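The sequence and structure come first.

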Amino acid sequence: MSGTLRLAVLDARIAATVGQIKRSDPGWPCCAGCDDCCRSLAELPRMGASEWARLRGAIEALDAEARRRVEAGVAALRESRRGEAGPRTCPLLDGDAGLCRVYAARPLACRSYGFAATRSGDLWCGKVEAHVEARGPEGRRALMQVNHQAVEAQVEASEEVRDLLAWWAELPAPAAG
């Protein structure tokens, strides 16, 4: 299966899971305007080559001002990696709107965060944890969880996987205009 086709299958699977969770729990805290996870990255999103190709196209299609802001965010992220500073903010976040500038092209890790569980722990923020805990034992059982390790393994088995900054190094600088 090609990387692009695999990406479409994984996107659909995650979208179905997220949709099911939101339908079964309309109060689920992950929604437009909540950018807590984007403002406090524990680690940089990792993505396969097909994810990067999609994301790269979306970044290159941004208007000049949005692209400049993303580049400034990348520079800040690089600087924060040199020290122990944190939390790190995703450079793709439009902080004023609380939304991803390239939402339709976001990586799988971003699509599943807030909805995914792993064998080693849940992949969500404190808001989601509090919401799940408030529902009691029913809270976790009601979730149709994304197996995040399985998704990563499928991508890594067939594509090179790097973090956002490693891929970013391949992105040409925008033309002066």
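## Model and confidence

What pLDDT does the protein chain average? The average is 84, and 84% of the residues score at least 70; pLDDT is the predictor's confidence in each residue, from 0 to 100. Among the elements of the protein chain, α3 has the highest mean pLDDT (95) and strand β5 (residues 121-123) the lowest (64). Where pLDDT is low, the predicted coordinates should not be read in detail.

This is a predicted model, in which local features need pLDDT of at least 70 and side-chain atom pairs count only at pLDDT 80 or more, while totals for chains, interfaces and linings use all residues. Residues are numbered from 1 along each chain as its sequence is written, and side-chain values use heavy atoms, with hydrogens and water left out. Helices (H or I, at least four residues) and strands (E, at least two) are DSSP runs, numbered from the N terminus.

## Largest pocket

The largest pocket holds about 1100 Å³ of space. On a 1 Å grid over the protein atoms alone, a pocket is an open set of points with protein on both sides within 12 Å along at least five of seven lines, whereas a cavity is a set where a 1.4 Å probe fits but cannot get out; lining residues have an atom within 4 Å of a point. Grid points are joined across faces, edges and corners, and a volume is the space filled by probe spheres set on the points.

The pocket is lined by 48 residues, and Cys37, Ala109, Cys110, Arg111 and Tyr113 lie nearest its centre. Elements that each supply at least two lining residues include α1 (3-24), α3 (49-60) and α8 (148-156). The lining divides into 33 nonpolar, five polar and 10 charged residues. Ala, Val, Leu, Ile, Met, Phe, Trp, Tyr, Cys and Pro count as nonpolar, Asp, Glu, Lys and Arg as charged, and the others, Gly among them, as polar.

## Cavity

The structure holds one cavity of 30 Å³ or more. Its lining includes Gly3, Ser50 and Val155. The largest share, four residues, comes from α1.

## Selected residues

Histidine 131, in helix α6 (residues 126-134), counts as buried at 18% relative accessibility. Buried means under 20% relative accessible area, exposed over 50%, and partly exposed in between (1.4 Å probe, protein chains only). Leaving aside neighbours within four places in sequence, histidine 131 is in contact (heavy atoms within 4.5 Å) with Asp25, Gly27, Trp28 and Pro29.

Arginine 78, in helix α4 (residues 64-82), is partly exposed, with a relative accessible area of 33%.
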